[in-house]
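Please have the structure open as I talk.

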Amino acid sequence: MSTAHASPPIRLDLPGALRRHWPLLPLAATVLLLCAPLPAGDATASGKVTPADAASLLLVFCCAVQALRGQTRRLSALGAFLLGMPAAGLAVATVTAADPYAALPGFVRYLQVFVLVPAAVVLLLRDAREFRLAGGCFVALALVQGAVGVVQFATHTGASYQGADIRAVGTFGPGDVMGMATVVAYGLIIATAAALTPTLAHRVRRAATVSALALLVPLGLSFSRGAWIATVGAGLVVMLMAGVRRALKVIVALGAAAVVLVGGLGFGSEMISERLSSITQVSSAPDQSVTDRYTMWAAAESMWRERPAAGVGLKGFPANRDSHSSLGLSSGSDTAGAGQAFIRQPLLSPHNMYLLVLSEQGLIGLTALAGGWAALLVAGVRRVLAPDPAARRIRDCGLVAVGLFVWQLTDFLYADIGGPSTVLTGVIIGLAAWWALPSPTADGAVDRAAAA
């Protein structure tokens, strides 16, 4: 009788993988630590260092260590200029502020989000495999936060919305109602890009499709108009870059899923439709939140006209808001629910990143920030559409990078930095820059990862 010889078990070389990819651990922690619940209170208040912020600082430290050892990607002079250019505008806005010491915390925060974290991501990610691992962390975060949000809606334990505690906010709480919507939108864009990439494994594309459809539910239940608009815009860009035929199939599938979930199952259909219709009424019949936003936009423009070159200084908007605002501005925004008592949140920013930068940093700061973003976006889109075989083999990375960047730049029309999820903005700018600024030292690694 013959004896069947069992094949030896496959052993996962976890210690070897950790040695090779240990710089990715603080990057993964920066994203995944946002799954943890935050203490109840004002999540948008300045001066709070979250675990994700601490992980991002560790990420920057690891990048410095690797750079000293000569084990990071090389950047061209243009790449170094684009990544470092915002620091100049931040320095000018700090030293020219009415109170430079009061502006210093703003300088540190902006430097972290717009310079240090993006540069660390660009330098530490060595190939497409590591880029995909970072994207997978975003999807995992989105699924966790989205699941919490759906439970909040179903059990009436979310943030207060129209008199009921049903708004899905995840673990971010009512003090940061955009937090869950933001991370869910990130995951949705990444999953959509992966689902549209035929070069990825079938099981990966199938899992990405399921994830994208699932994330539509918490995104709708967030009742965030700005997140909806940014997601639609970024999703269309991703689908069109992936191919018109595939884009039409995805649009039909997503439309059918939305009809089933909202219309057929009744997942907040009436409230979602009311929220959607309110988008077209922002001019004719704006609610108080829209009125406040328009008033603060006008205040930001007035501050810029007063000091057009360097602005009123970092952290200067709250101090100058009342002297530049009309009487239509309310005293704050009401927040409650999700384990938090009623709190009136002060309105300390114009909820438009471009106007916030213009008012506090002037034309110098806006040119340094937005100019660099525009250059990265153009370079990223060109590389996605380029006939370069090396870029086409890792096209999913390009779709993810451009899609996330388009989402962020669109969302900045209705929001600005603030809250625990702000640190992810720096990671996304880094991912976009990684794709837009290919390194000669990484090309071989990228090709090997794509072929693996």
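A charge is said to sit over a ring if NZ of Lys or CZ of Arg is within 6 Å of the ring centre and within 35 degrees of the ring normal. In this model, which is predicted, arginine 383 lies over the face of tryptophan 435, at 4.2 Å from the ring centre.

Turning to ring against ring, the structure holds nine aromatic pairs. One of them joins tyrosine 110 and phenylalanine 114 in a tilted arrangement, 5.6 Å centre to centre with 40° between the planes; both residues lie in helix 5, four residues apart, about one turn of the helix, and both are buried. Another pair brings together tyrosine 186 and tryptophan 407, whose planes stand at 75° with the ring centres 5.2 Å apart, so this pair is edge-to-face. That pair links distant parts of the chain, since tyrosine 186 belongs to helix 7 and tryptophan 407 to helix 16, 221 residues apart. Tyrosine 186 has a relative accessible area of 1% and is therefore buried, and tryptophan 407, at 0%, counts as buried too.

Ring pairs also link Tyr110, Phe114, Tyr354, Trp373 and Phe412 into a cluster.

Where does the largest share of the lining of the largest cavity come from? Helix 14 supplies it, with five residues. This cavity has a volume of about 70 Å³, and its lining includes Phe114 and Trp373; the lining residues divide into nine nonpolar, one polar and no charged.

How values were computed:
Residues are numbered from 1 along each chain as its sequence is written. This is a predicted model: local features need pLDDT of at least 70, side-chain atom pairs count only at pLDDT 80 or more; totals for chains, interfaces and linings use all residues. Side-chain values use heavy atoms; hydrogens and water are left out. On a 1 Å grid over the protein atoms alone, a cavity is a set of points where a 1.4 Å probe fits but cannot get out, and a pocket is an open set with protein on both sides within 12 Å along at least five of seven lines; lining residues have an atom within 4 Å of a point. Grid points are joined across faces, edges and corners, and a volume is the space filled by probe spheres set on the points. Helices (H or I, at least four residues) and strands (E, at least two) are DSSP runs, numbered from the N terminus. Ala, Val, Leu, Ile, Met, Phe, Trp, Tyr, Cys and Pro count as nonpolar, Asp, Glu, Lys and Arg as charged, and the others, Gly among them, as polar. Rings of Phe, Tyr and Trp (its six-membered ring) pair if their centres lie within 6.5 Å; planes under 30 degrees apart count as stacked, over 60 as edge-to-face and the rest as tilted. Buried means under 20% relative accessible area, exposed over 50%, partly exposed in between (1.4 Å probe, protein chains only).
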